[in-house]
Structures are given as C-alpha cells and as structure tokens.
Amino acid sequence: MTTTIEWTPKARAILDAASDLFYDQGIHAVGVDAIAERAGVTKRTLYDRFGSKERLVVEYLRARDALWRELLAGRLAAADAGAIAQVSAVFDASRDWAAERGAKGCSMINAHAEISDPAHPAYAVIVGQKQWMLDLFTRIAETAEVRARDVVAARLMLLHEGALVTAGMEVVEDAFGQAKTVAVELLRSERVA
C-alpha cells in the first residue's frame with residue numbers, strides 16, 4: 001500500500017461512492033461493480049486509481065478517521081484545557097458525529113466485525129484509530145491527575161465505545177450523555193487527593 005493515490009475527481013467520486021456503500025451495506029456485501037456504477041466510472045478506472053478493493057477499504061477508513069480527528073481536534077481546542085472539559089468535549093463530539101454521520105454505529109467497529117485478520121491492510125487502520133482514542137483518554141486521565149492513569153483511561157475508552165455501540169442501536173436513551181456523566185464522575189472520584 002505504498003503507491004500514492006492521485007486524487008483526481010474520478011478517484012474522489014470512487015472513494016465517496018465506496019464510503020457510502022461500505023458504511024450503509026457493509027464492506028463484504030459491496031462489490032466493485034456497485035461502487036463503479038455509483039461513482040459513474042468503469043471497473044477499470046476504479047482499479048487504475050486504487051489497485052484493489054482492499055486499498056479502497058483502507059482509504060475509506062482513513063478518510064473517515066481523518067474527518068473524525070479533525071472534528072474532535074476542533075472541539076478539544078475550543079474546550080477548556082481541564083480534564084473534565086476535555087472528556088466532555090469528546091463525548092459531545094461523538095454524539096454530534098453519530099447524529100450526523102453515524103446512524104449505523106462506528107465505522108471502525110463495523111469494519112472490525114468484517115475484517116478481523118491482522119494481515120488485512122485495513123486492520124492496522126481500524127486498530128490504530130482505537131489506539132489513538134485510548135491514547136487521547138490516557139492524556140485526559142493524566143491531566144486529571146488520577147491515581148491509576150492507565151486503568152482510568154481504559155475505563156473512559158470502554159464508556160466511549162459502549163456509547164458508540166448503544167447509540168447506534170438506540171438501545172439506551174442519550175447514550176453519550178449518560179456515558180459522559182459517568183466519565184466525569186470517574187475522573188473526579190479517581191483524582192489524587
């Protein structure tokens with residue numbers, strides 16, 4: 001996957017079509033014929049731009065992750081630098097993202113349900129995104145000066161991922177709000193006296 005993609009209008013159209021289809025229908029359920037048709041290109045053009053469906057999956061996940069990180073960076077920058085404000089910004093951003101772009105839940109979790117082979121090139125993107133989130137929660141726990149930073153970070157991550165899953169299923173009312181409340185309580189209760 002070292003070949004650089006030339007982001008021509010057709011390449012963008014292919015990625016946009018694949019992104020919609022992969023998210024709505026699932027990665028394995030969508031073939032390159034459907035992507036090419038939706039993008040208004042030939043299969044040959046798709047393969048010329050991306051080389052393989054695997055590469056297209058990787059680019060879909062990278063693009064979605066980049067959009068998420070951009071949104072979250074803006075929210076974190078706008079919030080107070082304190083741990084409570086930062087963790088609140090994460091859960092609020094996730095709520096807004098899910099409302100706008102995540103009716104079917106987290107694209108990384110969904111992708112992992114289909115791609116669990118560590119040798120698949122998309123696997124590193126999926127796990128990398130979740131590791132990045134855990135690292136963010138670790139920094140927030142460090143800012144909060146909690147007793148067991150790594151334990152608290154893992155718990156924040158579990159709250160976040162649980163909210164992602166349940167919000168997508170609409171099983172728990174205001175999943176992100178409830179998870180945020182517990183996250184704030186956790187940070188306060190685990191502070192070093």
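The model is predicted, with local features needing pLDDT of at least 70 and side-chain atom pairs pLDDT 80 or more, while totals for chains, interfaces and linings use all residues. Residues are numbered from 1 along each chain as its sequence is written, and side-chain values use heavy atoms, without hydrogens and water.

Me: Why is the pair of Trp 68 and Trp 97 called edge-to-face?
Reply: Rings of Phe, Tyr and Trp (its six-membered ring) pair if their centres lie within 6.5 Å; planes under 30 degrees apart are stacked, over 60 edge-to-face, the rest tilted. Here the centres are 5.7 Å apart and the planes at 75 degrees, so the pair is edge-to-face.

Me: Why is the pair of Phe 91 and Phe 137 called tilted?
Reply: Their centres are 6.3 Å apart and their planes at 40 degrees, so the pair is tilted.

Me: How do you know that Trp 68 is buried?
Reply: Buried means under 20% relative accessible area, exposed over 50%, partly exposed in between (1.4 Å probe, protein chains only). Trp 68 has 7%, so Trp 68 is buried. Trp 97 has 11%, so Trp 97 is buried too.

Me: What makes Arg 64 lie over the face of Tyr 23?
Reply: The rule asks for NZ of Lys or CZ of Arg within 6 Å of the ring centre and within 35 degrees of the ring normal. Arg 64 lies over the face of Tyr 23, at 4.2 Å from the ring centre.
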